[in-house]
Amino acid sequence: MIPDIPNVSLKCIEYLLLSIQSSPGRSQRFHLKRWHQYKYNRPDYHKGGHNNGFFTSNSYRDVVWTDVAPQDVEYLSAFGTRVKSKSSQMHLTSHGWYRANAARKKIGLSPLDWGDVELPSTSGAACKIYQTMVQ
């Protein structure tokens, strides 16, 4: 048996939740590159573009995590001029924090307290993080 492979296997969603919990405010690509390294034990040569459906899915976006980056970069689309963020800043919602703590228990770590979260200072970002949508 290879010693680098952990005894407890995490699902992709569980790993992404733990990654966002441990490094809030980092980009989607950062977390996807970390997941790829964990899953395949080698670097991601697609620069974090692999398996990005989790970040666009309505089942996860603004339910377990949310992007609080300021949308200040203009770009031209077929529908006219639009704005987007230069890079995402992913944070967990309270529901995502609960699910990340469940994953922490699965691998034998103690859960982290939601009150210890440092919220971003971006306008309206704290309100967006505190909302929890249950479907």
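The following dialogue examines how the terms applied to this predicted model follow from its computed values.

Student: What makes up the overall fold, and in which order?

Tutor: The protein has five helices and four strands. Along the sequence they follow the pattern α-α-α-β-β-β-β-α-α. Of its 135 residues, 35% count as buried.

Student: Why is helix H1 described as largely enclosed by the rest of the structure?

Tutor: Buried means a relative accessible area under 20%. In H1, 10 of the 11 residues are buried, so the helix is largely enclosed by the rest of the structure. Among these buried residues are Cys-12, Ile-13, Glu-14, Tyr-15 and Leu-16.

Student: Which elements do the buried residues of H1 pack against?

Tutor: They pack against helix H2 (28-40), helix H3 (53-56), strand S1 (65-67), strand S4 (90-92) and H4.

Student: Why is Glu-14 called buried?

Tutor: The cut-off for buried is under 20%. Glu-14 has a relative accessibility of 16%, and therefore counts as buried.

Student: How do you know that Lys-106 forms a salt bridge with Glu-14?

Tutor: Side chains of opposite charge can pair when their charged atoms come close. The definition requires a side-chain nitrogen of Lys or Arg within 4 Å of a carboxyl oxygen of Asp or Glu. For Lys-106 and Glu-14 the closest N and O atoms are 3.1 Å apart, so the pair meets the limit of 4 Å. This pair links distant parts of the chain, with Lys-106 in helix H4 and Glu-14 in helix H1 (residues 12-22), 92 residues apart.

Student: Is Lys-106 buried or partly exposed?

Tutor: Lys-106 has a relative accessible area of 36%. The partly exposed class lies between the buried limit of 20% and the exposed limit of 50%, so Lys-106 is partly exposed.

Student: How many salt bridges does a search of the whole structure find?

Tutor: The search finds two salt bridges. One of them joins Arg-61 and Asp-67, whose closest N and O atoms are 3.5 Å apart, so this pair also falls within 4 Å.

Student: Why is the aromatic pair of Phe-55 and Trp-65 called tilted?

Tutor: By the ring-centre rule, the count comes to four aromatic pairs. Phe-55 and Trp-65 form one that is 4.9 Å centre to centre, with 35 degrees between the planes. Ring centres must lie within 6.5 Å, and the pair would be stacked under 30 degrees or edge-to-face over 60. Phe-55 lies in helix H3 and Trp-65 in strand S1, so the pair ties together parts that are 10 residues apart in sequence.

Student: How do you know that Phe-55 and Trp-65 are buried?

Tutor: Phe-55 has a relative accessible area of 0%, and Trp-65 likewise has 0%. Both values are under 20%, so each residue is buried. Ring pairs also link Phe-55, Tyr-60 and Trp-65 into a cluster.

Student: Where does Lys-84 lie, and which residues does it touch?

Tutor: Lys-84 lies in strand S3 (residues 80-84), where it is the bridge partner of Val-73. Beyond four places in sequence, Lys-84 touches Pro-70, Gln-71, Asp-72, Val-73 and Tyr-75. Between Lys-84 and Glu-74, 10 residues apart in sequence, the C-alpha to C-alpha distance is 6.5 Å. With a relative accessible area of 41%, Lys-84 is partly exposed.

Student: Why can Ile-107 belong to a surface patch?

Tutor: Patch residues need over 30% relative accessible area. Ile-107 has 34% and counts as partly exposed, so it passes that threshold. Ile-107 lies in the loop between helix H4 (94-106) and helix H5 (125-130). Together with Val-8 and Leu-109, Ile-107 makes a nonpolar surface patch of about 210 Å².

How values were computed. Residues are numbered from 1 along each chain as its sequence is written. This is a predicted model: local features need pLDDT of at least 70, side-chain atom pairs count only at pLDDT 80 or more; totals for chains, interfaces and linings use all residues. Side-chain values use heavy atoms; hydrogens and water are left out. Helices (H or I, at least four residues) and strands (E, at least two) are DSSP runs, numbered from the N terminus. Buried means under 20% relative accessible area, exposed over 50%, partly exposed in between (1.4 Å probe, protein chains only). Contact means heavy atoms within 4.5 Å. Patches are made of residues with over 30% relative accessible area and no salt bridge: like charges are joined within 9 Å, nonpolar side chains (Val, Leu, Ile, Met, Phe, Trp, Tyr) within 5 Å. Accessible areas come from the Shrake-Rupley method with a 1.4 Å probe; for residues, only the protein chains shown count as cover. Two strands pair if DSSP finds at least two bridges between them. Rings of Phe, Tyr and Trp (its six-membered ring) pair if their centres lie within 6.5 Å; planes under 30 degrees apart count as stacked, over 60 as edge-to-face and the rest as tilted.
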